[in-house]
Amino acid sequence: MHTLITEIRDKQNITKEQLQLLLETDDQEMIEELMVCAGTEAQKVYGNKVYMRGLIEFTNYCKNNCIYCGIRRDNCYVDRYRLTKDQILDCCQSGYRLGFRTFVLQGGEDPFYTDDLICEIVSEIKHQHPDCAITLSIGEKSREAYERYFAAGAERYLLRHETADKAHYEKLHPKEMSFDNRIRCLHDLKEIGYQTGCGFMVGSPYQTVDTLYEDFCLIKELEPEMCGIGPFIPQADTPFGKEPAGTLEMTLRLLSIIRLIHPTVLLPATTALGTIHPLGREKGILAGANVVMPNLSPVGVRKKYLLYDNKICTGEEASECCGCMMRRMQGIGYEVVVDRGDHPLYDKKR
Ligand code: SAM
Ligand code: FES
């Protein structure tokens, strides 16, 4: 194998020069080796198992105005919806019957869901399904709020940092949003004891090798349990609507590098990756990812949670999505497991 790849694997680290080389090379043999090596590292930790999480997109209201995001506040074409507590519980119930033991509650930053209400929803899911893990992905909150959700039973939190370069962050977000606060949130989540996920979009406008190198430095420093990366895909009604999408090729390379420098991380093959290529998620798993997140939201709201254009899986029932995902994973020699799928170093005694 190419010494560059074995060196990154053995040191579990990458220099900016190595990153630049891997992202810019057209040596297909080396890239193939990178992906095979990352796939092997994932298998050393997780075998041929892929964890499945049930995603519930419970609100598309958002008080923020991220420039890339289809559900941003200023997008007046969005048909806004909120799921009630009972609707969320119903999604969990049908997911539970399908075998899901992890639910990811994701939404825009929607003040309608007060901290009290989020705690109530989390405790009720825990009460009905004590053997399940709950992941929240509801944006930037105070430390106190994060502590309350944790006490209510949420043990995982996804908050993509979006980019670890402050100047780049400021080009992707309006002035009212703060890079420092986003990073503060991630440190608070880790300190509280959440299995914490950061992440970024691949090919977002103004992204460079330098900003990506900073993303890797953040991953090394934060040691997140999860890392969500997927291609940026333009949404026509946002200011970035005419920007080019991130590519499959670049996303796969970056997934592989993350697996090599942080081998135990839970790494999803995202819906966005499946959107830019029909076999994107399969390719993502083969390149080192080990998580998939089929959608459990009611079919009636699926098309309304359009972060980007042409999003897949917006017409199928949860059971169809689940069956489709299992067949896809079996097709590449992987087994889908529907248990909690905790991070291997996570202490389950809470
Ligand atoms: N509000 C929560 C938050 O900020 O973490 C969760 C929802 S937010 C919509 C989830 C993620 O979608 C963001 O972190 C971002 O990386 C991703 N996203 C938003 N717009 C996107 C786009 N146009 N293409 C690809 N991913 C996008
Ligand atoms: Fe809602 Fe970015 S637009 S968090």
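A short chat about one predicted model follows.

Student: What kind of model is this, and how is it numbered?
Tutor: It is a predicted model, where local features need pLDDT of at least 70, side-chain atom pairs count only at pLDDT 80 or more, and totals for chains, interfaces and linings use all residues. Residues are numbered from 1 along each chain as its sequence is written, while chains are lettered from A and ligands numbered from 1 in the order in which they are written.

Student: Which residues are closest to ligand 1?
Tutor: Cys69, Gly139, Arg160, Leu307 and Tyr308. In total 19 residues surround the ligand. Being near takes a C-beta atom, placed from the backbone, within 6 Å.

Student: How does that shell split by class?
Tutor: 10 nonpolar, six polar and three charged residues. Ala, Val, Leu, Ile, Met, Phe, Trp, Tyr, Cys and Pro count as nonpolar, Asp, Glu, Lys and Arg as charged, and the others, Gly among them, as polar.

Student: Switching to the sheet. What is the strand order?
Tutor: E2-E3-E4-E5-E6-E7, an open sheet of six strands with parallel pairing. Strands are DSSP runs of at least two residues, helices (H or I) of at least four, numbered from the N terminus. Pairing needs at least two DSSP bridges between two strands.

Student: Which strands sit at the edges?
Tutor: Strand E2 (54-59) and strand E7 (226-231), each pairing on one side only.

Student: How many bridges join E2 to E3?
Tutor: Five, and the two run parallel. Isoleucine 56 stands opposite leucine 105 in E3.

Student: And E4, how many of its residues are buried?
Tutor: Four of its five, so strand E4 (residues 133-137) is mostly covered; buried means 20 or more other C-beta atoms within 10 Å of a residue's own, exposed 12 or fewer, partly exposed in between, with C-beta atoms placed from the backbone.

Student: What does the chain cross through from E3 to E4?
Tutor: Helix H5 (residues 115-128), in a right-handed β-α-β crossover. Right-handed means that, with the strands pointing away from the viewer, the path from the first strand over the helix to the second runs clockwise. From E4 to E5 the chain passes through helix H6 (residues 143-152), and that crossover is right-handed.

Student: Now backbone angles. What is phi at glutamate 223?
Tutor: Near 50°, a positive value in a residue other than glycine. Glutamate 223 lies in the loop between helix H9 (209-222) and E7.

Student: Why does glutamate 223 count as partly exposed?
Tutor: Because it has 13 C-beta neighbours inside 10 Å.

Student: Where is asparagine 310?
Tutor: In the loop between helix H13 (299-302) and helix H14 (318-331). Asparagine 310 has a positive phi of about 65°. It counts as exposed because it has 12 C-beta neighbours inside 10 Å.
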